[in-house]
Amino acid sequence: MGVITQLDLTPPQSLPPPLGQVVAEYWIEGGTAIAYPVTAGQYIQIVDVKGCQCSDLVVFTGDRHTEELDATVTRTLNGLSMPVAGLHGKYFSQQMQPLLEVIQDTCNRHDHFLLACTARYYEDLGYPGHPSCSDNFNQVLRPYGIAPRPGWSAINFFYNTAVDRQGAIAGTESWSRPGDYVLLQAQRDLLCASSSCADDLDPVNGWQPTPILIRIYEAQQNFPLAIGRRASATAPLRLTQPSAFTARIQQLTHNLVEYNGYWVPNSFTNRGVQAEYWALRSGAVLIDLSALRKFDVIGTDAFSLLQFSFSRDLNRLKVGQSAYGCLLAPHGGIIDDGIVFCLSATHYRYVGNCDSDGEWLERVAVQSGFNVEIQPCSDRLHNLAIQGPLSRQILRSLTQFDLHVAPSTIDDLPYFHFATATIATIPVLISRTGYTGELGYELFIHPQHGAALWDALMAAGAPVGLQPMGMLALDRARIEAGLLAAGREFDDLTSPYQAGIGWAVALKKPDFIGKAALEKIRAHPPTVTVGLVLDGNEVATGGQGVHPIAERWRAGTITSATFSPILNRSIAIAQIVPDYAELGTVLEVGWVDGIKRRVKATVGSLAAYDPTKSRVRA
Amino acid sequence: MTDTHVSLPPACLWDIAGVDGLQVMKRLVGDRCDRIAPFQSLEAEIDHIPCSILRLGEANFRLRWTGDAAHLQTLLVAAASHQQVWVKQFPWLASVRLPAEMSVEQLAKIAIAKPPFSLPSLALNCAAPARINSLSCLVWRHSIQDTETIELHTARQTLHHLKITS
């Protein structure tokens with residue numbers, strides 16, 4: 001066991017606390033490597049102690065360690081450049097057998113393409129004899145009878161590489177911060193070797209190799225699958241969470257993915273995207289949208305802050321009303337889209353997509369001297385959408401509105417209005433809003449009532465075929481309805497006039513963030529958002545070019561696309577220059593390299609389905 | 001042990017795929033084809049002859065046909081006219097029907113479905129890619145002429161390894 005270095009140092013104070021009962025710890029000094037055994041079921045935590053330090057890992061199993069982890073097999077079987085916690089989270093051997101599963105990852109940026117660093121790499125840079133991870137592996141693996149190699153194919157954790165459009169692979173400073181870690185579970189008895197990368201010649205390890213800590217946890221532990229993300233430079237690490245409805249959803253599907261910090265269903269077992277989609281269009285569905293972020297804006301200047309930060313004019317927004325719009329950057333870009341709810345003259349709620357929205361509102365409030373408090377309330381408000389033409393019918397018998405609020409029944413709740421009520425005695429805030437292009441409601445509740453609300457709605461909706469709906473069907477529905485998705489139709493470099501929501505900008509307001517920029521952009525937006533109906537049945541993908549007929553050059557880009565079952569047509573949302581945005585204009589979508597093949601597409605309304613919004617207003 | 005699996009005639013499986021695969025199937029059996037997701041199936045009639053249709057992708061379908069092959073071929077050629085699809089019968093694909101007394105729960109004891117599929121919860125008119133030891137198969141639970149059936153599609157060359165016994 002001479003090759004195994006048991007941790008005999010007093011851990012620095014900066015070490016993150018163990019995740020559970022530790023059965024072994026190994027300390028890898030900067031620029032060195034160790035080998036260590038792990039038995040099936042045990043967990044391996046690889047901790048970047050000081051941050052910005054790569055740690056390469058090679059893994060063996062089987063008699064005489066002849067079976068080993070294979071990066072190419074792993075990429076191929078997962079359909080991903082690297083496994084991520086969840087459905088596609090396993091590392092495979094060349095025999096296509098799982099060796100490791102990613103359980104948690106707080107960095108989310110690793111290399112799976114390049115070798116562990118080699119002597120050749122350093123020689124070519126003019127440093128013959130420089131220590132390398134591959135040579136270090138050769139040394140620690142020799143006692144196990146593993147023949148040396150000039151370069152080891154490895155999982156290079158915390159190594160930040162990317163392949164650009166020309167195919168060049170560039171490595172640069174690691175994303176990892178002090179204490180970032182990867183938690184893996186062994187699927188077989190394994191021999192592992194881990195390094196602290198020896199590269200001190202460039203930024204990949206911050207020019208200075210630092211230690212890596214390996215912790216082994218017993219197989220009996222039960223660590224939840226999670227991906228760690230940080231919303232901003234100062235925000236704490238946030239691990240993927242279940243929503244109030246996840247326990248019920250997991251009884252109906254294993255097809256969950258991480259979305260915006262929550263586990264959400266892609267589709268449901270034995271139902272599938274088509275059935276879920278048609279249930280929405282002809283009946284009713286339940287959608288877990290708890291991943292939305294909620295912030296209460298409270299204080300005498302609550303209105304003033306939002307009037308200054310949000311694109312819509314909130315002057316006419318009465319208590320019980322809500323408005324869709326966006327938070328704006330000074331240059332007119334969309335920081336986020338969302339809905340403002342007016343709960344009282346001094347209490348508003350912003351519901352958007354990003355944890356950082358709260359920080360932004362806070363900063364604007366401080367800079368402008370507004371007397372207001374921003375209270376994040378995402379953890380105490382999870383939301384379930386019930387959408388579809390039968391959604392009102394299902395809610396009708398279950399809903400009891402509070403006596404002091406305006407609507408007496410669900411039939412009296414207008415579009416973009418909300419009220420407090422009980423559903424099957426569960427306190428809820430019912431908002432007549434949605435993201436599907438159908439009549440629908442969003443139900444905000446305390447997470448403790450999640451299972452009860454789910455059960456009550458499913459029971460009440462069963463006679464009319466209420467079904468749960470996943471993200472795949474939701475995406476199809478929202479594209480049909482011409483509804484925007486963050487990262488697809490807009491980002492902070494896209495103005496509302498480009499994103500197709502110019503109507504949500506109240507330029508008549510005396511002053512608001514981005515007003516000056518938007519006044520200029522409005523006159524000459526570089527692109528506008530339109531709907532396209534494609535000839536043929538092929539479905540485009542985001543990023544494909546849109547060209548004038550027979551022209552080499554582009555007039556726009558596809559942002560989202562799907563096949564519309566109800567229209568039986570291939571449709572898309574695209575951002576194109578205004579000269580080609582007139583309804584009925586025929587353009588071409590470039591396929592393959594944009595030149596090899598073109599498919600004609602006709603400019604239509606942004607919403608291909610129900611463009612007059614008659615269904616949501618029904 | 002008695003080998004009791006029933007080998008179905010290979011000629012009754014037809015695969016249809018291509019950009020216009022969904023439209024061809026809609027021509028053949030109507031809009032119901034787009035009410036099912038990949039790895040789901042439906043029972044239908046083509047020209048009054050019962051058949052089972054398994055969707056394998058957005059534009060990929062497999063058809064179990066018990067009627068005259070030449071007749072189906074005529075219908076398929078007509079439906080596929082001016083459409084970008086191929087219609088094939090794979091000589092390397094075999095189909096076996098499990099004994100009627102074998103349940104999907106029993107099959108789940110020896111077969112592992114590829115996640116997120118799950119065999120114990122595989123519903124009627126659904127399919128799942130799975131492995132029995134190292135043998136790859138597609139498990140399809142559906143009805144053949146009103147008789148609930150578990151059908152396995154596997155490579156012909158490995159068919160002899162598949163010994164389902166009661």
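In the predicted model, helix α5 (residues 272-282) of chain A packs against helix α10 (residues 471-480) of chain A at an angle of about 50°, and the two axes lie 8 Å apart. The angle makes α5(A) oblique to α10(A). The crossing of α5(A) past α10(A) is right-handed. On the α5(A) side, the residues that meet α10(A) are Val273(A), Glu276(A), Tyr277(A) and Leu280(A). Their counterparts in α10(A) are Leu472(A), Ala473(A), Arg476(A) and Ala477(A). By class, this contact holds six nonpolar and two charged residues, with no polar ones. An α-helix has 3.6 residues a turn, so residues three or four places apart point the same way. The contact residues named for α5(A) are Val273(A), Glu276(A), Tyr277(A) and Leu280(A).

Chain A has 618 residues, and its radius of gyration is 27 Å. A compact globule with that number of residues would have a value near 25 Å, so chain A agrees with the rule. The C-alpha trace of chain A spans about 75 × 60 × 55 Å along its principal axes. Of the 618 residues, 49% count as buried. Contacts in chain A between residues at least 6 apart in sequence were also sorted by separation: 69% join residues at least 24 apart.

Helix α6 (residues 302-309) of chain A gives a local view of burial. Seven of its eight residues are buried, so α6(A) is largely enclosed by the rest of the structure. The buried residues are Ala302(A), Phe303(A), Leu305(A), Leu306(A), Gln307(A), Phe308(A) and Ser309(A).

Thr425(A) lies in the loop between β26 (418-423) and β27 (426-431) of chain A. Its phi is near 70°, a positive value in a residue other than glycine. Thr425(A) is exposed, with 10 other C-beta atoms within 10 Å. Pro611(A) is placed in the segment after β35 (597-604) of chain A. Pro611(A) counts as partly exposed, because it has 14 C-beta neighbours inside 10 Å. In sequence, Pro611(A) and Gln250(A) are 361 residues apart. In space, their C-alpha atoms are 35 Å apart.

Chain B comes to three helices and 11 strands. From the N terminus on, its elements run β-β-α-β-β-β-α-β-β-α-β-β-β-β. With 166 residues, a compact globule would have a radius of gyration near 15 Å; the value for chain B is 16 Å, which agrees. Along its principal axes, the C-alpha trace of chain B spans about 50 × 30 × 30 Å. Of the 166 residues of chain B, 35% count as buried. Among contacts in chain B with a separation of 6 or more, 54% are between residues 24 or more positions apart.

Most residues other than glycine have a negative phi, and most peptide bonds are trans. Phe39(B) has a phi near 70°, a positive value in a residue other than glycine. Phe39(B) is found in the loop between α1 (21-29) and β3 (40-46) of chain B. Phe39(B) is buried, with 21 other C-beta atoms within 10 Å. The cut-off for burial is 20 or more such atoms. Thr425(A), with a phi also given as near 70°, is exposed. The second site is a peptide bond. Pro115(B) and Pro116(B) are joined by a cis peptide bond, with omega about 10°. Pro116(B) sits in the loop between β8 (111-113) and β9 (126-132) of chain B.

The two chains are in contact. The contact takes 16 residues from chain B and 16 residues from chain A. On the side of chain B that touches chain A, eight residues are nonpolar, four are polar and four are charged.

Methods. Residues numbered from 1 in each chain as written. Chains lettered and ligands numbered in written order. Predicted model: local features only at pLDDT ≥ 70, side-chain atom pairs only at ≥ 80, totals over all residues. Axes fitted to C-alpha atoms, helices over the stretch in contact; angles between N-to-C directions. Helix = DSSP H or I, 4+ residues; strand = E, 2+ residues; numbered from the N terminus. Parallel < 35°, antiparallel > 145°, perpendicular 65-115°, else oblique. Left-handed = near helix turned anticlockwise from the far one by under 90°. Contact = placed C-beta atoms within 7 Å. Nonpolar A, V, L, I, M, F, W, Y, C, P; charged D, E, K, R; others polar. Rg over C-alpha atoms; globule rule 2.2 N^0.38 Å. Buried ≥ 20, exposed ≤ 12 C-beta atoms within 10 Å, placed from the backbone.
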